[in-house]
Structures are given as structure tokens and as C-alpha cells.
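We will go stop by stop, picking a few residues each time and looking at what surrounds them.

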Amino acid sequence: MALTTKKQIKKVVLAYSGGLDTSAIIPWLKENYDGCEVVAFCADVGQGEEELEGIQEKAIASGASECHVVDLKEEFVKDYIYPILKTGAVYEGQYLLGTSMARPVIAKAHVEVALKVGADAVCHGCTGKGNDQVRFESCFAALAPELTVIAPWREWDMVSREDLLDYLAERNIPCAASLTKIYSRDANAWHISHEGGELEDPWCEPSKDVWTMTVDPMDAPDTPETVQLSFDKGELVAVDGKQLSAYDALMYLNEKAAAHGVGRIDIVENRLVGMKSRGCYETPGGTVLMAAYKGLETLILDKESLKYRESVGLEFSHVIYDGRWFTPLAKAQLAAGASFAEQVTGDVVVKMYKGNATVTQRRSPNSLYSEEFATFGADDVYDQKHAEGFIRLFSLSSRITALSQKDK
């Protein structure tokens, strides 16, 4: 990232959400960087029409010269979610990386807009405590190191929502935000996250007000529902027999799974910056998709291949969580996941019921499962006497160790 002084910034592109923070950042940039031009950039990654409604007008009213709303929904699902799915990445055993996996596609589009309008800086509204500042700035460094990065939360002296609201009121800049906001939320096509409020106490159970995307499992239908997912070389190609685009397929799964309360988790995670944070996540369609994919893998990959793929998933979960998408390491791990996915073709049925997503059926032309070998009944393909020699050789080192210790 280029080093510069405030006077040298002539045009900056701000990642704009329309919320309180970024509404205040626009006039702050103009005041503190010698009247620089501020261009707003908004990424549509499936967060919902209500969040995008009137966003261009809001940006202009706050002082931006223009606002670019970039539709990234299909690219996000096809070029980021699907490749990550093939690695099996799940952070700390539970988190399906909804916020993390959206950051590189947003950062890439942010840089593209900056270069298109001839900006010499990019700006984000991330705080100095979170993971996103690292994710975005690492992507900026990899894609356009010549751009200066401005992070107002690390520069200004405002520390609360009250400060921001007062700042906007003094300048007669309209903002729909108020002091009543309880939770910090981040939504996209894959999930929605919730932090703040009572969640800051890990001993406090989340209230019903926390959850916004899924039905309470206690209130979900008493009758289970199934959904069939069809894969070709690791790519989801049909849902319930319907061929849909990557984004539309995820929306279909989101609707089905959310109605059954699928995809809720409540976790305490380790942030990259060193502190722990408590968050609630809703990932309905993603939970079904991950369960289906892994269910199909168990039918296809041999023991050592699956073991290695699991190790790739574990390592890659940290790579994507830490914002290292545009690195040689990420490229290699994604290639490994794609290599294993070449055999992941077939159909999976997932049953959704009271918050659970359970694989109940699976089939594949590449299946390594053989009823002839695995049956508990009579068979003509496996001589059980052969197991004795295998076990003796498999445990030979243990036998030698025990005999050696006995002799001593």
C-alpha cells in the first residue's frame, strides 16, 4: 500500500453501505483530506433489496460525487462459494465462513471501480478491532498496492453511535440510523451474522430478536421435508431436478431450509486480531449444501484422499478467514479441492427437520461403495480369513515394541 499524506489524496473510493458509519465517513473524508472527491461503491452480494433501496441517493446526499452499485451475486456464489465448498472449509468446526468468503469478491470489485474512476485511494469503514480490516487491506495490497488505504476508524476521534449521529446532525446530513440499533449484522447470499447486544455476554442465551433469517426450530413444521441436490464434478447443477443458476440454486435452498430452522449456530470464535468474539450465524441453504457435498464425498473418496481433503479444508478455513484469498497458498489449496471434486458427481437427498439437515440418500457413478464387499450377509468376494494376516502385519510394530520392552 502506498504511503501518502492527506493533502495528496484527490479522489477516494469508499466501500459504502448506506449505514451510519459510512454516511459519516463521506463528509469526514472531504473535510480531512483537503476536499478530495469521494466516490461511493456498493457491492450487491445478495444482502437483500431493502438494504440497497435508495442507496445511490443516500450516498449523493451525504456528499459523494457518484455511487457505483455492482451486482456480484452470481460471481460470489459461482467463483467463491463453490470453490470454497470443494475444499470443505469450516472455521473452528462450526463457522461456514459467510462473511469471510464475501470479502475477496467485494475487495476485487472495489479495486476495479477505483482504477476505473482514476482514484488514488480506497477507504473502508471497518473498525480497528475486527477481522475485516485485515481481509480488505490484504486484498487491496495483492491487487493494487499503489492505492492508498484510508481507515477512518483508526484515525478519527469518534468512538460511539452518538458521536456519529451528532457529527451528521451538525452538517444537516440525513441518516435513517438511530440510537436504538442493538445488533451489528452482516448479510449476503450465503448467510447473515449477528453480534452485539446481549450476545456480548456468552452466558446470555440469544433472544428471539437475534434471529432474522430462519424459523425457530421449535416452531418449524412437524413434518420433515427433503431436497435433492445433483452435482457434476463438484458443481451443483440441479436442485429437485431443476437446473438453476448458482445464485438461484442457493436462494432456493435458503428458502427451503430457513422454513425448517436449519443453519443456526451460536459460537465464540478466535478473531485474527487476537481477541475472542461471540456471534450468531444463520446459514440455511449453505448448511444443506455443505452436508450434501460432504455426504457425496464419503461415497466417492478413498480413505487417504478424504483424510487429505479434510486437512486441506482445515488449513483453508484459516486462509479464507484471515483474508488471504489472493495468495499462492490459497491458489494451491483451491486447486487441491478442485482436483478432488473431479470425482464428486452424483445425487444426494437431504432431510430438513426442526433445525437439522441430514443426508438420507446418496448415489454416484463414481461410488467406491460395494454392497458385495460390505454386506454382513454371505458373499463370494471377500475371504474373511485374509484379515488375520493383514492385522498381524498392520500391528507388527506394536508387537515388536511390546516384545522388546518385555525382554528388557
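The tour below goes from helices to strands, then to loops and cysteines.

**Before you start**

You are looking at a predicted model, in which local features need pLDDT of at least 70 and side-chain atom pairs count only at pLDDT 80 or more, while totals for chains, interfaces and linings use all residues. Residues are numbered from 1 along each chain as its sequence is written, and side-chain values use heavy atoms, with hydrogens and water left out. Helices (H or I, at least four residues) and strands (E, at least two) are DSSP runs, numbered from the N terminus.

**Stop 1: two helices, H4 and H10**

Select residues 73-87 for helix H4 and residues 303-321 for helix H10. Two packed helices are described by the angle between their axes and the distance between the axes. Here the angle is about 135 degrees and the axes are 8 Å apart. Axes are lines fitted to C-alpha atoms, for helices over the stretch in contact, and angles run from 0 to 180 degrees between N-to-C directions. H4 and H10 are therefore oblique to each other; angles under 35 degrees count as roughly parallel, over 145 as roughly antiparallel, 65 to 115 as roughly perpendicular and the rest as oblique.

Now show side chains. On the H4 side, pick Ile84, Lys86 and Thr87; they meet Arg309, Val312, Gly313, Phe316 and Ile320 of H10. Contact means heavy atoms within 4.5 Å. Sorted by class, this contact has four nonpolar, two polar and two charged residues. In this scheme Ala, Val, Leu, Ile, Met, Phe, Trp, Tyr, Cys and Pro count as nonpolar, Asp, Glu, Lys and Arg as charged, and the others, Gly among them, as polar.

**Stop 2: tyrosine 80**

Stay in helix H4 and select tyrosine 80. Is tyrosine 80 buried or exposed? Its relative accessibility is 4%, so tyrosine 80 counts as buried (buried means under 20% relative accessible area, exposed over 50%, partly exposed in between, with a 1.4 Å probe and protein chains only). Leaving out residues up to four places away in sequence, tyrosine 80 touches Glu75, Met101, Pro104, Val105, Lys108, Trp325 and Phe326.

**Stop 3: an open sheet**

Next, colour the four strands of an open sheet, which run in the order E6-E7-E11-E10 with antiparallel pairing. Two strands pair if DSSP finds at least two bridges between them. E6 and strand E10 (264-270) stand at the edges with a single partner strand each, so one side of each has no neighbour in the sheet. Direction ignored, neighbouring strands are turned by 25 degrees against each other on average.

Zoom in on E6 and strand E7 (residues 192-196), which are antiparallel and joined by five bridges. Tyrosine 183 faces glycine 196 of E7 there.

**Stop 4: strand E8 and its partners**

Which strands does E8 pair with? Antiparallel strand E12 (residues 346-353) is joined to E8 by seven bridges, and antiparallel strand E9 (residues 235-239) by four. Threonine 226 stands opposite lysine 351 in E12, while leucine 229 has valine 239 in E9 as its bridge partner.

Select serine 230, which sits in E8 (residues 225-232). Serine 230 counts as buried because its relative accessibility is 11%. Beyond its neighbours within four places in sequence, serine 230 contacts Glu235, Leu236, Val237, Ala238, Gly346 and Asp347.

**Stop 5: positive phi angles**

Most residues other than glycine have a negative phi, and most peptide bonds are trans.

- Lysine 233 has a positive phi near 55 degrees, in the E8 and E9 hairpin with two residues between the strands.
- Aspartate 34 has a positive phi near 50 degrees, in the loop between helix H1 (20-32) and strand E2 (37-44), and counts as exposed at 51% relative accessibility.
- Asparagine 172 has a positive phi of about 55 degrees, in the loop between helix H7 (161-170) and strand E6 (183-187), and counts as exposed at 70% relative accessibility.

**Stop 6: the cysteines**

How many disulfides does the structure hold? The number is zero, where a disulfide is a pair of cysteine sulfur atoms within 2.5 Å. Select cysteine 123: the closest cysteine sulfur, in cysteine 36, is 8.8 Å from its own, too far for a bond. Cysteine 123 is buried at 0% relative accessibility. For cysteine 126, the closest cysteine sulfur is that of cysteine 123, 9.3 Å away and too far for a bond. Cysteine 126 is buried as well, at 12%.
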